[in-house]
Amino acid sequence: MRTIIQYIRKKLSVRVSLWVVLFATVIFVAALGIMFYQSSKAIQQEAISRASQILDKTSLYVEGILNRVEVASNMTKWLAERHPDEPDSMFVYSRSMLLKNPDFYSCSIAFEADHFKEKGRYFSAYTKHDGDSIRTIQGGSENYQYFYMDWYLMPMLLDKPCWTEPYVDLDAATNTSEMVTTYSQVIFDHQRRKIGVINTSLSISWLSHSISSIKPYPNSYSIMVGRGGTYFVHPDSTKITRQTIFTRTMEKPDTALTALGHAMQRGEEGMKIINLDGEDCYVFYKPLGKTGCSMAIVCPESDIFGSFKRVRRAVMAMVLLGLMLMLYFLIRIITRELSPLRRLADEAENIASGHFDVQLPDLHRTDEIGQLSHSFAGMQQSLVQYISELKETTSQKASIESELHIASSIQMGMLPDKFPTKADRDDVQIYASLTPAKDVGGDLFDFYFRDEKLFFCIGDVSGKGVPASLFMAVTRAVFRTVSSHESVPNRIMTRMNEIIVEMNKTHMFVTLFVGVLDLPTGLLHYCNAGHDAPVLVGDGVGELPCDSNIPVGVMPSWQFTLQDAQIFPGTTIFLFTDGLTEAMDAEFAQFQINRVTDVATEALANHQHEPHQIVDLMTDAVHQFVGDAEQSDDLTMMAIQYIKK
Amino acid sequence: MQHDLNDEKMKRILILMITVLLALCQSAKAQDSETIVFTPQWTAQAQFAGYYVAEAKGFYREAGVNVKIEHLLATQSAVKRLLNNDCQATTLQLCQALEIVDGGVPLVNILQTSMNNAMVIVSARGKNPLTQKGARVGIWNVEFGQLAICMSMKERLDYQWVRCAQGINLFVAGALDATLAMSYNEYYQLVQAGFEMNEKDVYRFCNHGYNVQEDGVYMTREYYEKHPEMAKKFAQASRKGWEWAAQHPEEAIDIVMRYVEKDHISTNRVMQRLMLKEVLRLQIDRESKKREFRLRPDMVRQANKMMLENLMLSREVGYKELVE
């Protein structure tokens, strides 16, 4: 399944085809669904109307015959009640009923036990067809006590004429049986006492025969049930008179069948859908006149909807096949139409792998794919040109980088790299570091000894990179030149300013701190031209007071002021550029002077304020503060400890 | 159709006496002394499954007794056949047997199958039978239903008894307010006719102090005393038939259905299966929970008491009169 999904995801043609076919399927299903629904409704309506016609016709036919029985019975009753004391007349009445109505099965005029003393306990004038003749006898005996029979008791108990439940009449004399129903009504004497019952029987074999032959559909059949639900007509002859419509519900409840049985018992008319033997059947039912019986036509759903379902299956199969073909051809067509794209993709991969000179397919198409191909060709040309330019630029850059690297080495070479320690001198020890932000930087520091004096400076040229580095080289050279014959820092600064301003066409400037430490006395003369004030770390930590002078290279006539301070043995002068105080972390927060003094204070407390120690501690602190943020400015620190004892 | 019960009883006693005389006259009637003709008191149905099984499975033959099961015609009476010596054994309800012995024909109960009473009154929907004073109630036109008459009198219900061949159609048609039914037969026929049975509308005699045994196999004492061994063998083989039927109910129904088909009885397998199940249930004694096959003296006394109170018997018929 996952493989199929992955395949579908990979193939645009399959995906687009599936979407189209899915959309078509939805439209087909909706359209066919509505059509099938309407058609099945129409077929159902036709079945109902067909069954109703048959039921109405049969019912009317039965009603006609029943009415005839009732009329004949009423006439005989009238005669019997006119002469209730003449038993022999009863034979005549009974016989004449059958003579006049040859389609009746039998007639008996039965009286209460011992009604006619002279005739014995049982008296029933009974007439019945016997082949072609008519037989009239006196019925009733010990073995046939008619007054316990349904047909006798029912009108007596209900006080009205009634049709009894059909039953199979066994004629012992001829050993024949006939399914009959009887119309019974009470005979009254002149005092309105119930003295007997007239019973007119009608064979319903003809009825059951005509009902069972009704077949509106090939597999449909008819049933007839009595008041007690007993089957009197059923295609399964073993059920007739032996089972009722409820029998099968006794062991396996079936509410639908039970509801049908009750509806038929109540003499209702209608239609129900019942599942019989695993198949849904439409059952149309209607009462049969006043007999209390009800007939039903059972039509299997497959019969009613047989042809409809065949057509529906054929249509569904055609639609399904059509959709499959549609899917197949769509995939083929889309794959063919998109094949140039595949080729383009392959060539793009080739180009991506470095083969910029591959020949793109010439599609000769004017559609979107053609346009894409042209655009792709244009892109390939631009790419080739760009790559060649890039190669050139890259080689130029490599050359510049190489030169810069050399420049950086030269610049670093300008700075002192030998720092005097206790081992070298007994009056001062020095340490410094310079870390440029780019290959070359604009910071500088310098120191040298002359006439028992330490000449030193630290500075920061405006800007960065190569221009700043050149300016720095010039500044350092000028410092060395001027300080070689001048020992007062403000004069050194003034002279340097004059020289630099003169050659400063680019309007750059440099902040500079110049100091001259008299090594025998520890007296420090200094001049600060706009640079950060150094920090003294000795008997406590504090900034060296500095006058406000402008940086070197700005104004040719500026008079720089001289300051001096006594440096006591053990005190370290910590000088730095703004690359330290303005070092920024990832959130652009600055290191600031208070952190510098904090580190210095901690170093002092730990007796770690020798030049090398203090520069290293400060470097660690600033690295920790900056973290992974890119270095934004050159960082230069120089520490000078006066150790003369 | 209300019958005066005393008149009915007098008539029945007269008929019995006449038939006894006839029976005595026919005592010399040629009868194969080796064959017992057994006539159950109703048409072929699972109520008599044990006897059919005994015949079909050859239990009678194994016991060395020839038994011929002959059913009644629908309108005949088994009692009359017994008294006419048309058959030598029949099934009777205990109350029927008491009436016959009281009428002057000594009978012997050779096998008692029923241990409980099966009679019920089913009334039209929503009406408790005990609240229907003066209701029209269907009763068999043959000699069952003595207990119901006793109960009607005792409870002062004054039912109008309507004797009929079968009350189902009359009841379903609404001509009766209630009908007597056997829990194994008419009860299920009513269900089968679509009547929605509600236990509130069903009065079961066995649950109201009228649990008197019903079916047992009876012979005239005269015949029994002439053929005691045959009678015992017949009874034992019949009992074996019932025990087999209880163990193999489906096979027993197969056998029952063969008898039913032969006599063209309008019934079906479902009904016969339900009937057999209920008949077998009724054979289990409520106290011992066993199929005892014995007449209980206490039930004989109870039946006597009720029937004497209602003048159905002229004297008490003792337990010992009925057994060997």
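**Overview of chain A**

Of the 645 residues that make up chain A in this predicted model, 35% count as buried. The secondary structure of chain A consists of 15 helices and 22 strands.

**Helix 2 and helix 9 of chain A**

- Helix 2 of chain A covers residues 12-82, and helix 9 of chain A covers residues 306-352.
- These two helices pack with their axes 9 Å apart, at an angle of about 165°.
- Because angles over 145 degrees count as roughly antiparallel, helix 2 of chain A is described as roughly antiparallel to helix 9 of chain A.
- The crossing in which helix 2 of chain A passes helix 9 of chain A is right-handed.
- Where helix 2 of chain A meets helix 9 of chain A, the contact residues comprise 20 nonpolar, six polar and one charged.

**Helix 11 and helix 12 of chain A**

- A second pair is formed by helix 11 (residues 465-483) and helix 12 (residues 489-503) of chain A, whose axes come within 10 Å of each other.
- The axes of helix 11 and helix 12 of chain A cross at roughly 130°, which makes helix 11 of chain A oblique to helix 12 of chain A.
- Helix 11 of chain A and helix 12 of chain A also form a right-handed crossing.
- On the side of helix 11 of chain A, the contact involves Thr475(A), Val478(A), Phe479(A), Val482(A) and Ser483(A).
- Facing them from helix 12 of chain A are Ile492(A), Arg495(A), Met496(A), Ile499(A) and Ile500(A).
- Sorted by class, the residues in this contact of helix 11 with helix 12 of chain A are seven nonpolar, two polar and one charged.

**Contact between chain A and chain B**

- Chain A and chain B meet through 26 residues from chain A and 26 residues from chain B.
- On the side of chain B that touches chain A, the elements giving two or more residues are strand 7 (160-164), helix 7 (168-172), helix 8 (186-192) and helix 12 (269-282) of chain B.
- Of these elements, helix 7 of chain B gives the most to that side, with four residues.
- By class, the side of chain B that touches chain A holds 15 nonpolar, nine polar and two charged residues.

Key
Residues are numbered from 1 along each chain as its sequence is written. Chains are lettered from A and ligands numbered from 1 in the order in which they are written. This is a predicted model: local features need pLDDT of at least 70, side-chain atom pairs count only at pLDDT 80 or more; totals for chains, interfaces and linings use all residues. Axes are lines fitted to C-alpha atoms, for helices over the stretch in contact, and angles run from 0 to 180 degrees between N-to-C directions. Angles under 35 degrees count as roughly parallel, over 145 as roughly antiparallel, 65 to 115 as roughly perpendicular and the rest as oblique. A crossing is left-handed if the near helix is turned anticlockwise from the far one by less than a right angle, and right-handed if clockwise. Ala, Val, Leu, Ile, Met, Phe, Trp, Tyr, Cys and Pro count as nonpolar, Asp, Glu, Lys and Arg as charged, and the others, Gly among them, as polar. Two residues are in contact if their C-beta atoms, placed from the backbone, lie within 7 Å. A residue is buried if 20 or more other C-beta atoms lie within 10 Å of its own, exposed if 12 or fewer, and partly exposed in between; C-beta atoms are placed from the backbone.
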